[in-house]
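Let's take a quick tour of one protein chain, moving from the whole thing to a few of its parts. Have a look at the sequence and the 3D view first, then read on.

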Amino acid sequence: MTSDGTFGEHGSSGAPWNAADTLTDHDRLARGGGVARWEPLGMSVTPALDLRGIDKSFGSVRVLHDVAFRAYPGEVTALVGDNGAGKTTLVRCIGGVHPPDAGEYRFEGNPVRVCGPRDAARLGIEIVHQDLALCENLDIVQNLFLGRERHRGLALDEDTMEEMARTALSGLSVRTIGSVRQRISTLSGGQRQTVAIARAVLWDSKVVVLDEPAAALGVAQTQQVLETVRRLADRGLAVVLVSHNMNDVFAVSDRISVLYLGRMVAQVRTADVTHRQVVELITAGTGEALGQRR
């Protein structure tokens, strides 16, 4: 950690930081070494989120075709695909913004109906969109509780909200923010992303979907966000990471799901595939070594 409280070089060797080396402990644990904070999951474990046969069309354009997608508690599932593959539409289906035209939506093993964002939030599903949806003229506490303010009688319970905000940030090991009363406009890109993630986990969430959380961030800020993403899974949440950056994907994910032209062409464990195989799936929809076909 550098003198300004942000993450700089990785490890004690002094070597320049690389996203692929961000979480060497995670990589080692994924391959069976060390003592994991969360036990590796087998296919017998019930997914926190289980979508089956999802179709979605907008007019005559069919965006999602019979998509299956699973996310497990205690794991980071990376959702990858080229532009136009259907990632954003699938995320919006998960969050209730776009109800699917067909298919089954199961949450913790039970079939549910998610007809809007409030339905998803009641289940414990939170989406952190790429634009973050933070109000720059408000402080951290006000953003965390926007629309969900705590009251003491007719007045706002500022003390309780401040304490909950500090607890949420502390739980994510955030040490680069001096005060929860700082305005969002004074924060860096990485700090803003962390506040958006803290808002998502403040409400006893079970599934957190992060849409390109490291987009447009610098090297040190990207590492900070990736470590926060990993920390969410270590706490037992099912984390869905949407990303174009393969280094980030391989640094923190346990599983990779690949969309190609609206179809799910692969759902594999990260430790079982290579960077080249995933790129092949993203660009061509096939993976010869994996036996995947469109």
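A133 has a relative accessibility of 49%, so it counts as partly exposed. Keep in mind that what you're looking at is a predicted model.

**The whole chain**
- The chain has 294 residues, and 51% of them are buried.
- Nine helices and twelve strands can be found in the protein chain.
- Take the contacts between residues with a separation of 6 or more: 66% of these join residues 24 or more positions apart.

- You'll find A133 in the loop that runs between β6 (125–128) and α4 (140–144).
- A133 and A196 are 63 residues apart along the chain, yet their C-alpha atoms are separated by 8.0 Å.

**Zooming in on the strand pairs**
- Seven bridges link β1 (residues 49–58) with β2 (residues 61–71), and the two strands pair in the antiparallel sense.
- One of the bridges joins F58 to V61 in β2.
- Together β1 and β2 make a hairpin with two residues between them, and in that turn G59 has a positive phi of about 65°.
- β1 also pairs with β4 (residues 102–107), again in the antiparallel sense, this time over five bridges.
- On the β4 side, R106 is the bridge partner of D50, while Y105 is the bridge partner of L51.

**The helix on the sheet**
- Why is α2 (residues 87–94) described as largely enclosed by the rest of the structure? Because six of its eight residues are buried.
- Those buried residues are K87, T89, L90, V91, C93 and I94.
- After α2 comes G96, which has a positive phi near 85°.

Note on methods. Residues numbered from 1 in each chain as written. Predicted model: local features only at pLDDT ≥ 70, side-chain atom pairs only at ≥ 80, totals over all residues. Heavy atoms only, no water. Helix = DSSP H or I, 4+ residues; strand = E, 2+ residues; numbered from the N terminus. Buried < 20%, exposed > 50% of the residue type's maximum accessible area, 1.4 Å probe, protein only. Contact = heavy atoms within 4.5 Å. Pairing = 2+ DSSP bridges.
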